[in-house]
Amino acid sequence: MLISLIIGIAICYGLPITGLILLMRKRRGTGKAFVWGVAAFVVSQLLIRIPVLQLLLPNFAWFGVMQLYPWRYGLFLGLTAGLAEETARWIAFRCFLKGRDTLEHGLAFGLGHGGIEAMLLVGLNMIAGAVMALTGQAAQFPADPGSVLVAGAERLFAMAFHVGASLLIMYGVRTGRGVWFWLLAVALHGVMDAAVVILPAEFGVGVPGIELWAAVWGCLTLALGIRLCRKG
């Protein structure tokens, strides 16, 4: 158990922090891009979207009915996540990171965005689990080593997507085609997240299949973002 938790912690905390250190040594301004990436996630998700989903929308009958239909509910969750996060990325690059639009800046922004998500949503629980394991209370942690490793892999794929989407938004702003690349990023984000609801409910896909979907989608988005930024 402890080994799997250490691996998960290394992904959630070690990967974004190490990436930031390396990028800061290579390119000036990447630290600022990382911080704005963190802010983009915190504001768009923790302060706006999640409170709306959990506190406001349950008061409406249509929201409860929609949850009975996996396609509608999955697409709703996926597209609202895309609208919230990709709009935050666009605002950050358009208004606060002018002139900081190299590959390194985009990588740093994406690591900040995906990294803080991994740290807050998954990493904190893994740290708690590691403390429990070290104090002889591992049996009380509500997950087995395999589940911990799957959670770590899921965060790795999510970070790959966030970095790729950040590069797409940055490239769009840099080339004067911000709206088109914002639309592309929203669509990619929506499809990736919607599958988490749709695949198991409609096609009986288990956790391995969902993680494979996330891996393919995350890596393709990252590869596209890097290719475009290097090209132009």
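Q: Why are helix 1 and helix 2 described as roughly antiparallel to each other?
A: In this predicted model, the axes of helix 1 (residues 2-26) and helix 2 (residues 30-56) cross at roughly 150 degrees. Angles over 145 degrees count as roughly antiparallel, so helix 1 and helix 2 get that description. Their axes also come within 8 Å.

Q: Which residues make the contact of helix 1 with helix 2?
A: Helix 1 brings Pro16, Leu20, Leu23 and Met24, and helix 2 brings Thr30, Gly31 and Phe34. Sorted by class, that contact has 5 nonpolar, 2 polar and no charged residues.

Q: What makes Thr30 count as buried?
A: Buried means under 20% relative accessible area. Thr30 has 0% relative accessibility, so Thr30 counts as buried. This residue lies in helix 2.

Q: Which residues does Thr30 touch, not counting those up to four places away in sequence?
A: Thr30 touches Leu20, Leu23, Met24, Glu104, His105 and Ala108. With Leu23 there is a further detail: a polar atom of the Thr30 side chain lies 3.3 Å from the backbone oxygen of Leu23.

Q: How do you know that Glu104 forms a salt bridge with Lys26?
A: The rule asks for a side-chain nitrogen of Lys or Arg within 4 Å of a carboxyl oxygen of Asp or Glu. For Glu104 and Lys26 the closest N and O atoms are 3.5 Å apart, so the pair meets that rule. It links distant parts of the chain, with Glu104 in helix 5 (residues 103-134) and Lys26 in helix 1, 78 residues apart.

Q: What links Lys26, Arg27 and Glu104?
A: A network of salt bridges links these residues. Besides the pair with Lys26, Glu104 meets the side chain of Arg27 in a salt bridge (3.4 Å, N to O). Arg27 sits in the loop between helix 1 and helix 2, 77 residues from Glu104. At 35% relative accessibility, Arg27 counts as partly exposed.

Q: Why are Arg89 and Glu86 said to be separated by about one helical turn?
A: They are 3 residues apart in helix 4 (residues 70-96), which means a separation of about one helical turn. Arg89 and Glu86 also form a salt bridge, with the closest N and O atoms 2.7 Å apart. Arg89 is buried at 0%, and Glu86 is buried at 0%.

Key:
Residues are numbered from 1 along each chain as its sequence is written. This is a predicted model: local features need pLDDT of at least 70, side-chain atom pairs count only at pLDDT 80 or more; totals for chains, interfaces and linings use all residues. Side-chain values use heavy atoms; hydrogens and water are left out. Axes are lines fitted to C-alpha atoms, for helices over the stretch in contact, and angles run from 0 to 180 degrees between N-to-C directions. Helices (H or I, at least four residues) and strands (E, at least two) are DSSP runs, numbered from the N terminus. Angles under 35 degrees count as roughly parallel, over 145 as roughly antiparallel, 65 to 115 as roughly perpendicular and the rest as oblique. Contact means heavy atoms within 4.5 Å. Ala, Val, Leu, Ile, Met, Phe, Trp, Tyr, Cys and Pro count as nonpolar, Asp, Glu, Lys and Arg as charged, and the others, Gly among them, as polar. Buried means under 20% relative accessible area, exposed over 50%, partly exposed in between (1.4 Å probe, protein chains only). A polar contact is a pair of N or O atoms within 3.5 Å; within protein, one must be able to donate a hydrogen and the other to accept it, and residues adjacent in sequence count only if both atoms are side-chain atoms.
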